[in-house]
Each structure stands twice: as structure tokens, then as C-alpha cells.
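Open the model in your viewer and keep the selection tool ready. The stops below follow one after another.

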Amino acid sequence: MTMKKVKLIIWAASLFPWFFAFGLVSSLVAQNQKKSKPMKDMHIQSKAFMQNETIPSKFTCDGINVSPPLEWSDFPSETKSFALICDDPDALRGTFVHWVVYNIPVTVTKFNEHFIIRNNEVKEIRGGINGMGQTEYSGPCPPGGTHRYFFKIFALDIMLNEREGLSSADLHKKIENHVIAKSDLMGKYSRK
């Protein structure tokens, strides 16, 4: 083997790690692009309050503490189910979760006022654990100041096969690569 061929082999070998690294990065980017689906807009609203308005006390701990009426629309045709989370990011010890609902069939596009998971006719619907350790709605009850409450709806490309009792964090993990549209309704509340 000539010296020229040896140098060529050494030079090619020195480039191998760069080709390998480039191939690995390209592969990871391609995988990430497959996982992140384009997000579509949908819409959630309530007949009880508008976006950025005050939540009526009826739906809080100062009232009868029932869930407000909610309706959602404009979701993609490939939607298989919905998940709903209501939380308060202004809580003193970090985000406080007031409501977690999942396995909502695509045929259900609204919750009436005072929606109770255990009493509803759609048996697939499951309640997750909120910050009070309950599976039903627990309304705003800020200890001081005005807090924001986000009612978040997620359109999913799957129907979850989960039992009752997922936390908000666990639900987020389960739906991470399956959210195809989402929307939120924010209301404010301060104690009287």
C-alpha cells in the first residue's frame, strides 16, 4: 500500500465521526418533526363569563361552587377525544389545579353548568385528581388578590384508555404527542 493510500484512509477515518454526528443529529431532528404535529386552533367559551372577565361567584368557593357551563368547537375532523384542565397559575405554591377531565368522547362538545362526572350519562368520561385531592370540580378560592383561572380544552387524536384519577401532570404526559388542537378560556376572580 502506498503512502498516498494510507494518508487517504487516515483522512477518511478522521471524517467518519463528523458524518456519524451529522447523521445522528439529522435523525433526531426528523424524529422530532414527526412527533410535533402542527397545532390547530379551536374555541372554548362559557355562557357565564367572557374571556378575561370575572368569574361569577356562583362558580367559586364564595358561592355554591359548581362548574360553569362550557362549550368547545372548531376542532379538527380527526379528533377522537377531548381533555379538559382548569388551573390557577397565580397560586402561592405554584399552579393549583381545580379540575381534570379526560376520555371525553368527540360527540361531547359541551358541559352544562354543574357538570358532575359521576352523575353524567357518558360513562367513558373520567375525572382526574385536582389540588384538593378530588375528582370533581373545585372552584376558584384565592387566599388574596385577583387570580387567573384557565379552562383549557385539548383535542386529541386518540381516546385514552385510562382509569379515573390521573393528575394534571400525568395527563399532560399521556397526551403529549396526541394534542392536535387546543384552546383556553381565562376568567379572573378575587374574594369578596
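**Stop 1: a sheet**

Start with an open sheet of three strands, ordered 2-3-6 and paired antiparallel. Strands are DSSP runs (E, at least two residues), and helices are runs of H or I with at least four, numbered from the N terminus. Two strands pair if DSSP finds at least two bridges between them. Strand 2 (43-45) and strand 6 (110-111) are the edges; each has a single partner strand, so one side of each lacks a neighbour in the sheet. Select strand 3 (residues 70-73): three bridges join it to strand 2, and the two run antiparallel. Trp 72 in strand 3 is the bridge partner of Ile 44.

**Before going on: confidence**

This is a predicted model; local features need pLDDT of at least 70, side-chain atom pairs count only at pLDDT 80 or more, and totals for chains, interfaces and linings use all residues. Residues are numbered from 1 along each chain as its sequence is written, and side-chain values use heavy atoms, leaving out hydrogens and water. Colour by pLDDT, the predictor's confidence in each residue, from 0 to 100. The protein chain has a mean of 87, with 80% of its residues at 70 or more. Now select residues 18-34: pLDDT is below 50 there, and the stretch has zero contacts (heavy atoms within 4.5 Å) beyond near neighbours in sequence. Where pLDDT is low, predicted coordinates should not be read in detail.

**Stop 2: the cores**

A nonpolar core is a set of buried Ala, Val, Leu, Ile, Met, Phe, Trp, Tyr and Cys residues joined through side-chain atoms within 4.5 Å. Buried means under 20% relative accessible area, exposed over 50%, partly exposed in between (1.4 Å probe, protein chains only). The largest core has 28 residues; Trp 72, Leu 84, Trp 99, Ile 104, Phe 111 and Phe 151 have the most contacts inside it. Another core, of twelve residues, lies apart from it and includes Leu 166 and Val 179.

**Stop 3: aromatic rings**

Which residues form one aromatic cluster? Select Trp 72, Phe 75, Phe 82, Trp 99, Phe 111, Phe 115 and Tyr 137. Rings of Phe, Tyr and Trp (its six-membered ring) pair if their centres lie within 6.5 Å; planes under 30 degrees apart are stacked, over 60 edge-to-face, the rest tilted. The count is seven aromatic pairs. Trp 99 and Phe 111 are tilted, 5.9 Å centre to centre with 55° between the planes. Both Trp 99 and Phe 111 are buried. Trp 99 and Tyr 137 are edge-to-face, at 5.2 Å and 75°. Trp 99 is in strand 5 and Tyr 137 in the loop between strand 7 and strand 8, so this pair ties together parts 38 residues apart in sequence.
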